Amino acid sequence: MSTTTSSNPEKSSLAQKLRRFSLRRRSLRLRLLVAFLALSLIPLLIVIVITSVINIQSLRQQTFNQLESVASLKESEINLWVNTLKADLDQLSTNQNSLELEQGLLTGILENADTAKNNLRNQYAKHMSTGGLFDEIFLLDSTGRVVVSTDEAQEGKIQVNEPYFLEGKKGEFIGTPFYSVSLKRYSLINSSPVLDANQNVIGVIAGRASLNSLSKIMVERAGLGETGETYLVGSNFALLTASRFEGYNPGETYIRTEGATRALTDKNSGYTIYLDYRNQSVVGVYRWIPELKVALLAEQDQSEAFRTTTVILWISSIFTLLAIIVGVVASILITLSVVTPIENLENAAKAISEGQLDTRVQVTTDDEIGSLSTVFNEMAGQLSTTLSTLEQRVADRTQTLEAQSAELAMRSQQLEALNKHSLKRAQQFETIGIVMRSVASIKNLHELLDQVARYISTQFHFYHVGIFLNDTANEYAILSAANSEGGKRMLARGHRLKIGQTGIVGNVTSTGQPRIVLDTGSDAVYFKNPDLPETHSEMALPLKSGDTIIGALDVQSTEINAFSEEDAAVLSILADQITIAIENARQFENTQKSLTEAETIYRQYIQQEWKGLSKKTGLSGFRYAVTGSEMLSAPVSDEIIETTVKTGEIYAKSDENSSALAVPIKLRDQIIGVLNVRTSGGRDWHPNEINLAKAVAERVAISAENARLFEETTGRAERERIVADITNKIRSTNDPQEMLQTAMQELQRALGVKKVSITPYRPTAAPGNAEKSPEKP
Amino acid sequence: MKNNTPIYKLAAIILLAALLTGLTGCGQTVAEKEKVTVQLSWFHDPEFSGFYTAIEKGFYAEEGLDVTLKAGGPDVDPIKEIMADQAQFGIVPANAIIKARSNGQDLVAISSIYQANPFLIMTLKNSGIKTPKDLEGKRISIQSPDNFTDQDTLLLSMLKRMNVDQSTIQFVATDEWYGADELTKGKADAAAAFLTNQPVQAKLQGVEVDTMLYSDYGIPFYANLISTSGNLIKNKPDLVQKFVRATLRGYQYAIEHPEEAAGFTHKYNESGNTDYDTAAIKAMIPLIDTGATPIGWMDAAPWQSTSDIMFEFKLITNRTDVSAAYTTKFVEGSK
């Protein structure tokens, strides 16, 4: 046998190898694979993760740094702007030309104030046009009224309550951005006092800077990419400078973002990632600008800021995936190269352990596994040789054991058959007992035979059982009982078989030997009975009383080979029992018949005697009436009496005029007279009265019979005496003539007749005549 | 089972008790809400959007207050309502408070809705009227030329302050309150107006107007002060504090969410125009929140100026202690 495991590395493709990494548990393979994967992938992943994290961190830091630098730039620009404003105001307040005009206007010493105002206004305007940052420069008097302004519309307004006036009187005031309702814009006002020659405060000079110029600084977006912006937020969280996004106007928009809150509430500076006022995730740097009491925010959309990071993440993810694939494939291949030869060895060992001793491993390498395979093959060869001799011995021994086993089995079968046979016999005997017990009490022969036939059929499961009895002439066996339908038909037909000639019953009833016929060979001829078409086996058993054959028991089966000689022997016992039962029934029937005959004769005798008595005595009956009793000489013919005689029953009758009761006088069921009671007038006969009448009638019958018997006995005794006398007289002579003479004389006297004659016997003569009849009165 | 029965009973009783307590607890919180009535100074208007917002956003409810707003009008005097205890709070201008106090009524301002006086003179853009002086010889429409109201008095004070010759001016009663109608229909050359009403409406109408704020011309009166009686401050400082805190929260929310606040306003003034409501709320943002002071704040200087001007113009006969007319402690306590 060529081995299933002989490895063929040249042919097995990678796909096949991979398929061997199936769901089967392969702990070594799994462990090796896990180990290789762990060794190759874990360091790789660690390195990738670390470098990615470092990269991302540094990139983020870079982004923040960039934003920070933008914010710093803006902050310094704001500071520059604030300082410029300060310097502007300083320059203004120290300008000698203006100061003279201012002092003149404020103290009211000038004659032509309007000209002075114009001059001052021009000077202010000139200052603004030469690089100043102020939008408006104005002068307030000590009451807060605007005296001169570059915006003429502002002149005359009273700003007495404004901080820049109140504070500006005290010294240099640096304002914070606020919304001017009258100017409808955010602005910032710096102010400083105007002093007279005596250093008294006579007014305030103020410069208003629109935040528009600050906005210009803030919207400058150098280094902020596509989505970056910088803006200022006031202490009240209101947006102060323009947003680069539409719909967010300064003065209407409130910035309550994490960055603004940190800067304004905590007065902190820093950076973080948060949702901006548009609900966009941004990378933001926030600065608290104490000079203006505002927050500076530099923000860039996170998506843009970290775009490089995302790209790097993508690239490293792809490389990681590639590395993982390569690592997995390499690990699988290495694992296979180690595990496959071991598996081949394992499979070979398994095959050998399953009995394929000619299995060998192909040696493909000359490494440790190669030499292990060689040693394995040698070991397998030796094992094969050792086992082949052992196998022969085992085979021989097995054969012997098998033969013994077969014999034992046969014996066991025989015993079982015997046991079965015994059981069957016991059952048959039991059944015989049951049949016989069931029919033991049946005295009627016909009923007996019928029951026997039925019981045998039901107990022994024969579909047809028939009982034949021989006729008195011993000429025919007549079917006397049968259980089956066909049998019943035959019975009705009066089926009979000629003894010694017809059928197996005929045979059995003549020979007295049991006979079994099976539906095979020459015996098949017996199974042509149209009434019993299903018969395939038949057995007939003789019914023998002593040496006399009285009939046969015929049983038939639908089975082909239903009867054995043993069955015949067992059923013969049954047949004997049946014979005895038949004999008993016959005897009983005969006895019963004799008894009936005797009874009939007796009844006839009684009837005859009573009829005779009536004739002889001429007595017809007695009648008792109130007048006394009288004998009746003629029979009374009456409807009541006739009815009673006819029916033999008590007859009661009553009408309005008379009532009558007639009770039959019975002797051994024979009516010998009638007791007739009559009364005038209608009345019902009470049961007690009827019973009384009945009892009387019974007594009358017994007494009358006793009387009659007595009379008869008496008469017989008289006759005996006369005969004895005659005999004595006859014996007194020896002469025959005299003897006859004497006899005749005596007879004449005894009988009171005129003539007695003795006639010698002649055989041809008619028997008897009137003189010879002793009954003749 | 038999042993457990009392435990079950006990548990049932505890559960029932807890339920009842919970129910009564709920009932109590409802019952505990203090009824507060506010008498507004004018008909329902975006000017009061902070109140509407505080109600609709549940800021009052959070403070345990159940606030009812009563609309005002030309015939309603909020001071009378407060003094008669028909309302716990009312919206009153500073001059009215000072006058009431000089009459011996203990009325105290606790917060100012607007940081600047929003009353102004509105003129058409090319009318040539730029300063109060320019009003001489012109027709000015005001609320009640025959019987000057507090509001009218402000204008008169401003004119007086600016040395405008009142005899040259013809005061007419305002017929058209909406937008610039009074001016465009030629009924007056200038109209007394309210910063967040008529100028905003005029802008919506597409009419260009100039405005001349009284506050720029020496009348820095606070115009819409949330006021209450000295008694309430003394007896129920907690209630006052809760009310101010919730109201300022309402205004802060309203100016930060003008569209939403306009929606709330529309619930109270259903005949109003939502575009106007929104525009008015946006217009009042800088009046409420200038960036220079906390919202609801009151400075001493305007109060003093108000008192001084009123005495100067003999609107009051005796100078009262102006520092008693207002308190900022509830605004401070609202932070």
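When I say salt bridge today, I mean a side-chain nitrogen of Lys or Arg within 4 Å of a carboxyl oxygen of Asp or Glu. Keep that in mind for our opening example: A:Glu252 pairs with B:Lys282, and their closest N and O atoms are 3.9 Å apart, so the pair falls within the cut-off. Please also remember that this is a predicted model.

Let's stay with the place where the two chains meet. How many salt bridges does the rule find across the interface of chain B and chain A? It finds three. Seven residue pairs are also in polar contact across this interface, with both partners at pLDDT 80 or more. On the side of chain B that touches chain A, β9 (209-213), α10 (237-256), α12 (274-288) and α13 (300-312) each supply at least two residues. Of the elements of chain B, α12(B) gives the most to that side, with four residues.

Now for the extent of the contact. As a general point, the size of an interface is often given as the accessible area lost when the parts come together. Here, chain B and chain A bury about 1900 Å² between them, with 53% of it on carbon and sulfur atoms. Three residues deserve a mention: B:Asp216, B:Glu256 and B:Pro286 supply 26% of the area that chain B buries against chain A, more than any other three residues. In terms of residues, the contact takes 25 from chain B and 20 from chain A.

Let me turn to chain B as a whole. Its secondary structure comes to 14 helices and 10 strands. Chain B has 335 residues, and 53% of them count as buried. Its accessible surface is about 14800 Å², and 52% of that belongs to carbon and sulfur atoms. If you take the contacts in chain B between residues at least 6 apart in sequence, 80% of them join residues at least 24 apart.

One residue to look up in chain B is B:Pro93, in the loop between β3 (89-92) and α5 (94-102). Is B:Pro93 buried or exposed? Its relative accessibility is 19%, so B:Pro93 counts as buried, the cut-off being under 20%. Leaving aside residues up to four places away in sequence, B:Pro93 touches B:Tyr222, B:Ala223 and B:Leu225. The C-alpha atoms of B:Pro93 and B:Phe221 are separated by 7.4 Å, although these residues are 128 apart along the chain.

A:Ile315 sits in helix α9 (residues 307-353) and is partly exposed, at 44% relative accessible area.

For contrast, look at A:Arg425 in helix α10 (residues 368-439) of chain A. This arginine counts as buried, with 10% relative accessibility. Not counting residues up to four places away in sequence, A:Arg425 touches A:Ser564, A:Glu566, A:Asp567 and A:Val570.

Most residues other than glycine have a negative phi. A:Lys267, however, has a positive phi near 50°; this lysine lies in the loop between α7 (258-265) and β7 (270-275) of chain A and is partly exposed at 46%. A:Lys293 has a positive phi too, of about 55°. That residue is in the loop between β8 (281-289) and β9 (294-301) of chain A, and at 47% relative accessibility A:Lys293 counts as partly exposed.

Thanks, everyone!

Key. Residues numbered from 1 in each chain as written. Chains lettered and ligands numbered in written order. Predicted model: local features only at pLDDT ≥ 70, side-chain atom pairs only at ≥ 80, totals over all residues. Heavy atoms only, no water. Buried < 20%, exposed > 50% of the residue type's maximum accessible area, 1.4 Å probe, protein only. Contact = heavy atoms within 4.5 Å. Buried area = accessible area lost by both parts, 1.4 Å probe. Polar contact = N/O pair within 3.5 Å; in protein donor to acceptor, adjacent residues only side chain to side chain. Areas by Shrake-Rupley, 256 points an atom, 1.4 Å probe, with all protein chains shown as cover.
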